[in-house]
Amino acid sequence: MADQAFTAGRFGILLDGSEFLGFVEKVSGGVIRAGLAQHQLGPANVSKKHIDAIAYEDFAIKAGMGMSKGFYEWIEAAFDGAHMAKNGEIHACDFDGDSMSVRAFHDAYISEVKIPALGGSRRGPACMTVKLTPREIKYLKGTGSQIGGELPRLRKKNWRRSNFRFELGDLPCERVARIDSFTWKLAVARDEVGEFRIPTLHPARIEVPNLKLTISMADVKPWEEWHRSFVIEGNCGDEAELDGSITFLTPNRRKALARIHLRNVGILSLDTWDEEANKEEIARFAVELYVEDMKFEYLVSDA
């Protein structure tokens, strides 16, 4: 059959040509781009242009909790510092699930994981954005056949932004109303060697983000006491830092999908003045926290 237009339906990911990770909500990036060199040739005031080094754009993958265990284990390893370079393929499929076009990536590292804003009033589905930094990308023709398979039923349950639990030491956290979006990052260094056209990639520094919380004023006193001691009085040694976690829950809140462990957390600021007069809303305060280390843990069983 001659090539013809098709309506894009889903993006599926394979690792090492066979391990199906699942279908994702959205894929962007993954473009092969040439750099531009310009040379001034003389009095004609016209620049001579030509391409030089090839660059491979990062992929940004938007996914919820419906992927396979292997996808989240890759994220776990990145947070643990055991960075794994993976080979894989992203298939653009039609609505029948048939592969129509492919972008293959080689030696890709997870370089960012962005967690969306979480809040009790946010009813929409939640998706994390995972950025992949590849050493090389190739454009391939689709296989024309279906990829993937059926994932266990529990994995397909929606992860919603309103379904979370926050814990930090012995501070009251039951009325945490919002956690702002935050992004874990890995710097990836490129080793440009003149003999080779494609640079090699090497994991470098991990950047652990700060957290900003919005909490009911009913719980402000213990938080103010910690802020006074830690910030104002300067009792901010390692022994004063706290450990905690953010747990993502199923819609019925009975099971945990995944958890981000927070290590060596300190408080930076506490703001009780960000309120409008005569506004009929629950009074809240905001805190900003630093976190020295984060660990990602996937909690869904294969059963």
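Let's start at Asn163, which is buried, with a relative accessible area of 4%. Keep in mind as you look around that this is a predicted model. Asn163 sits in the loop that links strand E11 (136-141) to E12. Its side chain makes a polar contact of 3.3 Å with the side chain of Ser162. Setting aside residues up to four places away in sequence, Asn163 touches Thr247, Phe248, Leu249, Thr250, Pro251 and Arg253. Thr250 lies 87 residues away along the chain, yet the C-alpha atoms of Asn163 and Thr250 are separated by 6.8 Å.

How much of E17 is buried? Seven of its eight residues are, so the strand is largely enclosed by the rest of the structure. E17 has pairing partners that you can trace by eye. Strand E12 (residues 164-168) pairs with E17 in the antiparallel sense, over five bridges. Strand E18 (residues 256-271) also runs antiparallel to E17, and seven bridges join them. Phe248 is a handy residue for seeing both pairings: Phe248 is the bridge partner of Phe164, and in E18 the bridge partner of Phe248 is Ala258. Between E17 and E18 the hairpin has six residues, and there Arg253 takes a positive phi near 65°.

Now turn to helix H2 (residues 220-232). Its buried residues are Val220, Trp223, Trp226, His227 and Phe230. They cover an arc of only 130° around the axis, which puts them on the same side of H2. The spacing of such residues has a simple background: an α-helix has 3.6 residues a turn, so residues three or four places apart point the same way. On the face turned away from the buried side, H2 carries the exposed residues Lys221 and Ile232. What, then, covers the buried residues of H2? The cover includes E12, strand E16 (211-216), E17, E18 and strand E19 (284-298). Just after the helix, Gly234 takes a positive phi of about 80°.

A last stop is the cysteines. Cys93 is buried, with a relative accessible area of 0%, and Cys173 is buried too, at 7%. How many disulfides does the structure hold? The number is zero.

Methods:
Residues are numbered from 1 along each chain as its sequence is written. This is a predicted model: local features need pLDDT of at least 70, side-chain atom pairs count only at pLDDT 80 or more; totals for chains, interfaces and linings use all residues. Side-chain values use heavy atoms; hydrogens and water are left out. Buried means under 20% relative accessible area, exposed over 50%, partly exposed in between (1.4 Å probe, protein chains only). Helices (H or I, at least four residues) and strands (E, at least two) are DSSP runs, numbered from the N terminus. Two strands pair if DSSP finds at least two bridges between them. A disulfide is a pair of cysteine sulfur atoms within 2.5 Å. The arc is that of the directions from the helix axis to the C-beta atoms. Contact means heavy atoms within 4.5 Å. A polar contact is a pair of N or O atoms within 3.5 Å; within protein, one must be able to donate a hydrogen and the other to accept it, and residues adjacent in sequence count only if both atoms are side-chain atoms.
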